[in-house]
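Dear colleague,

Please find below the structure that I am handing over to you. My notes on what was found in it follow directly after.

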Amino acid sequence: MLSISPTISKFSNLSDLHHLNRGRYSRHSLSHLVPPPPSTHIRNTKTLRLRHNFRISAIDAAQPFDYESKISDHIAKSKTLKIAIVGFGNFGQFLAKTLVRQGHTVLAHSRTDYSAIAAEIGVSFYSNADDICEEHPEVILLCTSILSTDKVLRSLPLQRLKRSTLFVDVLSVKEFAKDLFLQILPLDFDILCTHPMFGPESGKNSWKDLPFVYDKVRIGRDESRVSRCEKFLDSFAREGCIMKEMTCAEHDQHAAESQFITHTVGRILEKLDLDSTPINTKGYERLLDLVENTSSDSFELYYGLFMYNKNAMEQLERLDLAFESLKKELFGHLHEVLRKQLFGTKERSLGLLQEPRALSKLPPNGNGSSLPPQSDSAN
C-alpha cells in the first residue's frame, strides 16, 4: 500500500502566501491544489498547503491478497484431498490419523457413534450418510468389513455425490470388491481397489517398507481425475510403503497363498491352546507371536478371506493334503522300525524291507480350482 504525506504550513498574512506562490509554483500547478482566496478574505487566516513533491512509502506488512501467500496456499491445497471414510472402526481410525497428519481434510461416517474419537483425531464425524455425501468429498474410502461391504455400499445416497467421485476400498479380497463396485457404482464414478498389507498392529510405528497393493480399475482420463488418484496413492508412498500395482485377480491368488495360510495356521495353533515355557526356542516364540497376531483379528475377517476369495478353498485342500502326506511319511518310518524289531535281519536278508517313502511334492497352485482327487495307489 502507498501513503501520501502532505506538508501543512502556516502563513501570517496573504501577501506572504502570494510571494511564495510566485517563487515556487506556477499558476497552473496551483490551480488544482489550492483554490484562490476570496476577495473578502480576512488577514491572519491559516491556510493549508500541499507540497508538490509527494513522498511515497511502502508498508511492509502481510496483506490479505499477498501473492506469495496465495501461491503457498495453492500449492498446499494441490497436495491434499477431502476424504470421507465410511466405516470408522479400528482400521478406519488407524488410516485417518496419518491422513490428517498429512494435511488432508478427513470426514467419517459409521453406524457406531465415534464422534468423540473423531474429534480427538481431527476428523469431522457424520452419523447420517446423507450429510457426509452432501459435503461432496473427493474420495470415498470404504473401511468396512468384507461381509458388510455390499450392504453399506448400497445404502449410500450416491445421488448426493459429485458424479466424478473416486471410490476406494481397503478390503483383503480384491476381485469381490472390484465386481461389487462395477455392479453398483454409476459409470461416472472412478474406482481404485487397494489393500494395505498391514494393520494397526504391524503399522503402528511406521509404514516404511510395508507393501501397499493397488489396481486402477476405472480412472477417468481428465487430468484432474488422474491427479486425484495419484495424490491418494502418494499418501501411502510418502510414508515409505512399497507400492505394488497388480490386478485384483493376481492379488487374490497371492493373498490366498500368504495371508489366508498365515491366518489358518495361526488359528489352528490357537486351538491347541499353546503356552509359553521356560525353555522357549526362537521358533516357538514366533509361533506364539503368530497366534497372538491372527487371533486378535475377528473371525468375521478370517471367514471373509475364505468366503470371498476363490483361491482359499484350494489352499485349504493343499494344507490338508500336506498334513496327510506328512502323517503317512511318519507312520511309514514307524512301521519299518517295528518290522525290524519284530523280524530282525531275516526279512532284510530276503530283501523284503524297504526304505520308507519320502514326502511327495504337492501339485502346483492353480487358479482357484480344487485339487484333483487323490488315489489310494500310493498307500
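The side chains of R228 and D190 form a salt bridge, with 2.9 Å from N to O; the term stands for a side-chain nitrogen of Lys or Arg within 4 Å of a carboxyl oxygen of Asp or Glu. R228 belongs to helix α9 (residues 223-237) and D190 to strand β8, so the pair ties together parts that lie 38 residues apart in sequence. Helices (H or I, at least four residues) and strands (E, at least two) are DSSP runs, numbered from the N terminus. R228 counts as buried at 7% relative accessibility, and D190 is buried as well, with a relative accessible area of 1%. Here buried means under 20% relative accessible area, exposed over 50%, and partly exposed in between (1.4 Å probe, protein chains only).

As to provenance, this is a predicted model, in which local features need pLDDT of at least 70 and side-chain atom pairs count only at pLDDT 80 or more, while totals for chains, interfaces and linings use all residues. Residues are numbered from 1 along each chain as its sequence is written, and side-chain values use heavy atoms, with hydrogens and water left out.

Salt bridges

The count of salt bridges comes to 12. One of them joins R160 to E134, where the closest N and O atoms are 2.6 Å apart. R160 lies in the loop between α7 (149-155) and β7 (166-169), and E134 in helix α6 (residues 129-134), so this pair ties together parts that are 26 residues apart in sequence. Both ends are partly exposed: R160 has a relative accessible area of 33%, and E134 stands at 43% relative accessibility. E201 forms a further salt bridge with K204, at 3.2 Å between the closest N and O atoms. K204 is exposed, with a relative accessible area of 55%. Through shared partners, salt bridges join D130, E134 and R160 into one network.

Aromatic pairs

There are 14 aromatic pairs, a pair being two rings of Phe, Tyr or Trp (its six-membered ring) with centres within 6.5 Å; planes under 30 degrees apart count as stacked, over 60 as edge-to-face and the rest as tilted. The rings of F88 and Y114 are edge-to-face, because their centres are 6.2 Å apart and their planes stand at 70 degrees. F88 is in the loop between β3 (82-86) and α4 (90-101), and Y114 is in the loop between β4 (105-109) and α5 (115-121), so the pair ties together parts 26 residues apart in sequence. F88 is buried, at a relative accessible area of 0%, whereas Y114 is partly exposed, at 21% relative accessibility.

F94 and F198 also make an edge-to-face pair, 6.3 Å centre to centre with 75 degrees between the planes. This pair links distant parts of the chain, 104 residues apart: F94 is in helix α4, and F198 is in the loop between β8 (190-196) and β9 (211-218). F94 and F198 are both buried. They belong to one aromatic cluster, which is formed by F91, F94, F198, W207, F212, F232 and F236.

Helix packing

Helix α8 (residues 174-184) packs against helix α10 (residues 248-271) at an angle of about 150 degrees, with the axes 7 Å apart. Axes are lines fitted to C-alpha atoms, for helices over the stretch in contact, and angles run from 0 to 180 degrees between N-to-C directions. That angle makes α8 roughly antiparallel to α10, a term used for angles over 145 degrees. K174, E175 and K178 in α8 meet C248, A249, H251 and D252 in α10, where contact means heavy atoms within 4.5 Å.

With kind regards

Definitions and conventions: Parallel < 35°, antiparallel > 145°, perpendicular 65-115°, else oblique.
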